[in-house]
Amino acid sequence: MGITSPAHAAKWDEKMSPAEVEATLDTKFAEGKYSPKGADSCLMCHKRSEKVMDLFKGVHGAIDSSKSPMAGLQCEACHGPQGSHNRGGREPMIAFGPDSSLPADKQNSVCMSCHLDDKRMSWNTSHHDNADVACASCHNIHAAKDSVLDKQTEMEVCTSCHTKQKTDMNKRSSHPMKWNQMTCSDCHNPHGSLADADLVKPSVNETCYECHAEKRGPKLWEHAPVTENCVSCHNPHGSVNDGMLKTRAPQLCQQCHASDGHASNAYLGNTGMGSSVGDNAFTGGRSCLNCHSQVHGSNHPSGKLLQR
């Protein structure tokens, strides 16, 4: 969903190695041979390209905005000095996207020269930067609407790479993302953060509490995994179990309560202990939660066992 790569390689790729392209571009920047006519020079050849002209439908091509590249060096603000490129198109310019011969960090340095703000201050330590993901892999600049900035299509862009999460989101118990009631960026900052998994808040729990405020403590009687990390029990992207639980009860509970009296027994439905599902509190209904209903903590004076 990012910038679409050209149908054929750039002319300079036919005779120059990626290292030579990069060295030539460095020289062009040092010389600073920008076109005195700006975008008009580019459009003499590229105006027949629908993709190029789509730039003027979006914010980067806005001629009435002081923040747009069109207010300064225009096309050359992103693609670099024209130099002798207009003489046959064989002198390299900065190209973006998966078919560019430039490494992702070089492509991204162009974008970050304008977009380095408080929302992207952690980009250089982000998962995407460490994986050499180019900005143009997600963003489409030459378009009226950037798909990854549209709440209706953002998830489609993200899950084109994050396929495991896409699978989880379509399981029977999940956040309402497939109905466009949530987006990936509600929880994650794709440009990096100081938290695990590039979360928008300092911790998993703080992120979850943004919506699930009723689970926030402190409670009179706390349940340790709840205060430590929500994902100890839940898969936030979706699960086949109720409540997005990683494993159904009682097996989930027994991962910690393996030596606590009755919780240490193996309960396997109608094959366990000679009982049927219907008459066994551990395998019927909500299992452990039939009695310990307040698993997220209790404020009841007699709620030590999270039963009320």
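Residues are numbered from 1 along each chain as its sequence is written. Because this is a predicted model, local features need pLDDT of at least 70 and side-chain atom pairs count only at pLDDT 80 or more, while totals for chains, interfaces and linings use all residues, and side-chain values use heavy atoms, with hydrogens and water left out.

Q: Which residues make up the largest nonpolar core?
A: A nonpolar core is a set of buried Ala, Val, Leu, Ile, Met, Phe, Trp, Tyr and Cys residues joined through side-chain atoms within 4.5 Å, where buried means under 20% relative accessible area, exposed over 50%, and partly exposed in between, with a 1.4 Å probe and protein chains only. In this model the largest such core has eight residues, namely M16, V21, L25, I94, F96, L102, V110 and A136.

Q: Which residues does L102 touch, not counting residues up to four places away in sequence?
A: L102 is one of the residues of the largest nonpolar core, and contact here means heavy atoms within 4.5 Å. With residues up to four places away in sequence not counted, L102 touches E22, L25, I94, A95 and Q107.

Q: How many salt bridges does the structure hold?
A: Side chains of opposite charge can pair when their charged atoms come close. A salt bridge is counted when a side-chain nitrogen of Lys or Arg lies within 4 Å of a carboxyl oxygen of Asp or Glu. The number of salt bridges in the structure is 13.

Q: How far apart are the closest N and O atoms in the salt bridge of K171 with D168?
A: K171 counts as partly exposed, at 27% relative accessibility, whereas D168 counts as buried, at 5% relative accessibility. In the salt bridge that K171 forms with D168, the distance between the closest N and O atoms is 2.8 Å.

Q: Where does D168 lie, and with which residues is D168 in contact, leaving aside neighbours within four places in sequence?
A: D168 lies in helix 9, helices being DSSP runs of H or I with at least four residues and strands being runs of E with at least two, numbered from the N terminus. Leaving aside its neighbours within four places in sequence, D168 is in contact with S174, N235, H237, G238 and S239.

Q: Which residues form a nonpolar patch on the surface?
A: Patches are made of residues with over 30% relative accessible area and no salt bridge, like charges being joined within 9 Å and nonpolar side chains (Val, Leu, Ile, Met, Phe, Trp, Tyr) within 5 Å. Accessible areas come from the Shrake-Rupley method with a 1.4 Å probe, and for residues only the protein chains shown count as cover. Y34, found in the loop between helix 1 (18-31) and helix 2 (39-46), counts as partly exposed at 32% relative accessibility. The patch has about 260 Å² of accessible area together, and its residues are F29, Y34 and L73.

Q: What covers the buried residues of helix 2?
A: The buried residues of helix 2 are A39, S41, C42 and L43. What covers these residues includes helix 3 (50-53) and helix 4 (75-79).

Q: Which residues does P190 touch, not counting residues up to four places away in sequence?
A: P190 has its place in the loop between helix 9 and helix 10, and it counts as partly exposed at 36% relative accessibility. P190 and K119 are 71 residues apart in sequence and 9.6 Å apart in space, C-alpha to C-alpha. Not counting residues up to four places away in sequence, P190 touches W123 and H128.
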